[in-house]
Amino acid sequence: MMVHDKLESFDCAVLEACRNLDFTDKLWLILKECSSIEELIEALTYVFNALKEVNPPLIYEKKKSTVAVIARNLQKMPLSCPVVDEKLAKQMLLEIGIEKLQQDYVAIFVGMELASLEETNYFLQQDLFSPEAISCIKKFHCMLELTIIGLKSLGLCQMLLRELVRSAIRHYASTSDIDLQHFFSFQIPLYVIRPLLNKLRPTIWELSLLSSDGDYMKQSVHHFVTTPTVEHIFAPKSY
């Protein structure tokens, strides 16, 4: 798969994540634009009152946010419309935002066939406000950054990208903390990285010569610079 095709696959996965929206996802896209807490409360109150009079909206079964629960209950008991105060409004907005992020990350990794639904289940914490859930969002983001680096900077093929992502999944599933200094180690065949290396032109070469005779040892270190150390010194490109 060429780099262009892989980038197109990534873009398609992102677009797919944006398309598969249920009621709470669409609500998040609207409510996040509220300019004040009063506007947010008014909007949520209007939505809940309207839900009592319309057909049931599409809400994915896996959604556990307060908005999803209330919306389902309003279809069964139309008189149970909640009183939305400032605390509840903020909680509901954050919950549907977190669920939207979780869904988007899963859609990207699964859509690009870099991970299975089962492999991402660990990162879908039920308690959306728990420290574990927030940590899992950060882990998702770190894995996405790794994917983008491998895809756009290294031009890794599908198989190597999958290996990289699954290595990250195993690491993050086994640790509760996010160590930004952690090094992910994986093998890249030379034929994959050769086009990238061919574009790199070293500017400094170092040669170390070591010789010994009995107890006598001599080492010479030579530096070769292919670019001028100062602007007025000319160094031919073929040098």
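There are 6 salt bridges in this structure, counting a side-chain nitrogen of Lys or Arg within 4 Å of a carboxyl oxygen of Asp or Glu. Before I go through some of them, please keep in mind that this is a predicted model, where local features need pLDDT of at least 70, side-chain atom pairs count only at pLDDT 80 or more, and totals for chains, interfaces and linings use all residues. Residues are numbered from 1 along each chain as its sequence is written, and side-chain values use heavy atoms, with hydrogens and water left out.

Let's take Lys63 and Asp22. Their closest N and O atoms are 3.0 Å apart. The pair links distant parts of the chain, 41 residues apart: Lys63 sits in the loop between H3 and H4, and Asp22 in the loop between helix H1 (3–19) and H2. Helices here are DSSP runs of H or I with at least four residues, strands are runs of E with at least two, and both are numbered from the N terminus. Are Lys63 and Asp22 buried or exposed? Both are buried, meaning under 20% relative accessible area, with exposed being over 50% and partly exposed in between (1.4 Å probe, protein chains only). Asp25 joins these two residues in a network of salt bridges.

Asp25 also brings us to helix H2 (residues 23–31), where the buried residues are Phe23, Thr24, Asp25, Leu27 and Leu31. Their cover includes helix H3 (37–51), helix H4 (66–76) and H5.

Glu86 and Lys90 meet at 3.1 Å, N to O, and because they are 4 residues apart in helix H5, about one helical turn separates them. Glu86 is partly exposed at 42%, as is Lys90 at 43%. Asp104 and Lys100 meet at 2.7 Å, also 4 residues apart in H5. Here, though, Asp104 is buried with a relative accessible area of 16%, and Lys100 is buried with 8%.

Now for the inside. The largest nonpolar core has 28 residues; a core is a set of buried Ala, Val, Leu, Ile, Met, Phe, Trp, Tyr and Cys residues joined through side-chain atoms within 4.5 Å. Phe109, Phe123, Phe140, Met143 and Tyr172 have the most contacts inside this core. Helix H5 (86–111), helix H7 (131–153) and helix H8 (158–173) each supply at least two of its residues, and H7 gives the most, with 8. Beyond its neighbours within four places in sequence, Tyr172 is in contact (heavy atoms within 4.5 Å) with residues including Tyr122, Phe123, Met143 and Phe184. A second, separate core of 21 residues includes Leu51, Ile59, Ile70 and Met92.

Which order do the elements follow from the N terminus? They run α-α-α-α-α-α-α-α-α-β-β, so to finish, the two strands, by the DSSP runs I described. E1 and E2 (residues 216–225) run antiparallel and are joined by 10 bridges, where pairing takes at least two DSSP bridges. Ile204 stands opposite Val225 in E2. The hairpin has 2 residues between the strands, and Gly214 takes a positive phi near 65 degrees.
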